Amino acid sequence: MRLYLLALNPTDSVTEGFLPAATRLGLAVTVLTDQPDAHRRTYPDIEVLECDVRDFRAVITRISTHHTPDAVFTNSDHLQTQAALAADWFGLPGKDWRAAVRCKDKAEMRRRLAAAGVDTVWSAELTEPLAPADAPYPCVVKPREGVASEDVVLVDGPEELVAHAKEILGRRPGAVLVVEEYLPGDLFTLETLGDGRVRHVLGGFHTELSPPPYFIEERLTFVPAHPEPVVAQVLRQLDALGVGFGACHTEFVVHAGRARIIEVNYRAIGDQCDLLLARLLQIPLFEHILRTHLGRPLPADLGARRDGAARLEYPCADRAGTLVGAPAAAELDVDGVHLTYRPLRAVGEHHELYRTNRDYLGVLRATGTDQPAVDRTVADFLAERRWEIQP
């Protein structure tokens with residue numbers, strides 16, 4: 001059976017998750033990408049074809065002139081609509097492309113949720129740097145189709161709004177920005193997996209952010225089960241968007257018992273959280289995700305382990321410069337806690353300060369069965385290591 005995997009940059013999710021899972025399922029994989037050299041270097045034994053994967057017509061043509069597909073899949077935020085359209089073209093299981101658009105387009109998401117009567121958030125779209133007369137402050141400015149907190153900023157007044165909008169549009173010519181009211185509350189995620197018939201809630205995370213005005217995710221702590229009323233509210237909003245097939249990563253805030261979606265990433269959670277989930281829950285997560293795209297039903301019970309505790313930490317650069325010292329990759333077991341550390345930036349590399357997850361220097365994953373022990377082990381690991389940046 002042939003799996004077509006649409007990709008942009010090589011990612012840990014693909015390298016350590018989906019490709020090994022495809023091998024275990026006996027699938028022949030063809031990667032379609034606009035960056036073929038990077039993918040061939042990363043996994044030289046996988047067939048890689050060059051394709052303008054942002055154009056669904058190019059994807060359909062490339063597949064039509066190659067092997068017959070059995071599944072079309074992507075875990076990229078930017079390619080969900082293209083993969084959904086291609087799967088539908090070939091009569092294969094996949095996500096509703098309309099739902100993919102609603103999730104990717106943050107302005108359309110707000111309109112859809114308001115029209116369905118499940119949540120109304122003040123928002124407006126900008127194509128030039130100006131401040132809407134009725135904008136509530138503080139409010140958040142962000143690219144309409146952005147990811148990873150890239151160019152997401154909190155502003156306190158019209159002058160700040162105009163200044164940040166001008167700066168962002170200067171770096172993103174032709175982009176559309178969304179300005180929306182700031183939603184207070186603690187930030188969480190909900191991780192779901194469905195086949196269009198059954199939907200499993202895998203748990204979620206409590207996310208801790210950098211100080212305002214930016215929104216860099218610095219720490220995530222696993223939440224085995226959110227309160228049932230909170231889960232019900234989030235699922236009702238996902239239903240309004242048409243989300244229910246495959247993996248989905250939803251970010252939401254809870255304030256005074258009310259759950260309100262911040263954004264929906266219609267794919268598995270990234271930044272190595274998916275790798276942690278698979279280990280923590282002790283389920284073949286990546287195989288389950290691929291099976292849904294092959295049209296195979298999910299089991300009524302995934303058999304996920306429910307006594308796990310976990311945390312992820314992302315050491316971040318706090319300045320521009322060259323990384324001159326950093327710890328190496330590590331795999332450790334300490335007092336019942338399994339630690340995995342992976343560098344994300346090589347010693348000797350120079351980077352600007354991005355104020356997004358591109359500032360991550362590495363990622364530390366920790367799993368166990370006791371949250372205080374996990375937290376203590378993570379704190380000790382970080383305290384014993386240094387990341388040094390010079391101008």
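In which loop is R355 found? R355 lies in the loop between β18 (350-351) and β19 (362-368), and one of the views below returns to this residue.

This is a predicted model, in which local features need pLDDT of at least 70 and side-chain atom pairs count only at pLDDT 80 or more, while totals for chains, interfaces and linings use all residues. Residues are numbered from 1 along each chain as its sequence is written, and side-chain values use heavy atoms, with hydrogens and water left out.

**View 1. An open sheet of 4 strands, in the order β5-β8-β6-β7.**
The pairing in this sheet is antiparallel. Strands here are DSSP runs of E with at least two residues, and helices are runs of H or I with at least four residues, both numbered from the N terminus. Two strands count as paired if DSSP finds at least two bridges between them. Strands of a sheet pair through backbone hydrogen bonds, either parallel or antiparallel. At the edges of the sheet are β5 (123-126) and β7 (153-155), each of which pairs on one side only. From one strand to the next, the twist averages 25°. Axes are lines fitted to C-alpha atoms (for helices, over the stretch in contact), and angles run from 0 to 180 degrees between N-to-C directions.

**View 2. The pairing of β6 and β7.**
Strand β6 covers residues 139-143 and pairs with β7 in the antiparallel sense over 3 bridges. The bridge partner of V141 is V153 in β7. The loop between β6 and β7 holds D151. D151 has a positive phi of about 60° although it is not a glycine. With 13% relative accessibility, D151 counts as buried; buried means under 20% relative accessible area, exposed means over 50%, and partly exposed is in between (1.4 Å probe, protein chains only).

**View 3. Helices α6 and α7 lying across strands of the sheet.**
Helix α6 (residues 106-115) lies across β5, β6 and β8 (177-181), and runs at about 150° to β5. Helix α7 (residues 158-171) lies across β5, β6, β7 and β8, and runs at about 155° to β7. Contact means heavy atoms within 4.5 Å.

From its first C-alpha to its last, α7 reaches 20 Å with its 14 residues, close to the 20 Å expected at 1.5 Å a residue. That expected span is 1.5 Å times one less than the number of residues. The buried residues of α7 are L161, H164, A165, I168 and L169. The buried residues of α7 pack against β5, β6, β7 and β8.

**View 4. Two cis peptide bonds, at Y137 and P138 and at P212 and P213.**
The bond joining Y137 and P138 is cis, with omega about 0°. P138 is in the loop between β5 and β6. Another cis bond joins P212 and P213, with omega about 20°. P213 belongs to the loop between β10 (199-209) and β11 (217-223).

**View 5. Strand β17 and its partners β16 and β19.**
Strand β17 (residues 337-343) is largely enclosed by the rest of the structure, because 5 of its 7 residues are buried. Strand β16 (residues 330-334) runs antiparallel to β17, and 5 bridges join them. E331 stands opposite T340 in β17. Together β16 and β17 form a hairpin with 2 residues between them, and D335 in the turn has a positive phi of about 50°. β17 also pairs with β19 in the antiparallel sense, over 6 bridges. Here Y341 stands opposite L364 in β19.

**View 6. The loop residue R355, between β18 and β19.**
R355 has a positive phi near 60°, in a residue other than glycine. At 37% relative accessibility, R355 counts as partly exposed.

**View 7. T189 in strand β9.**
Strand β9 covers residues 186-195 and contains T189. T189 counts as buried, at 2% relative accessibility. Leaving aside residues up to four places away in sequence, T189 touches G203, G204, F205, T207, H226, H249, T250, E251 and F252.
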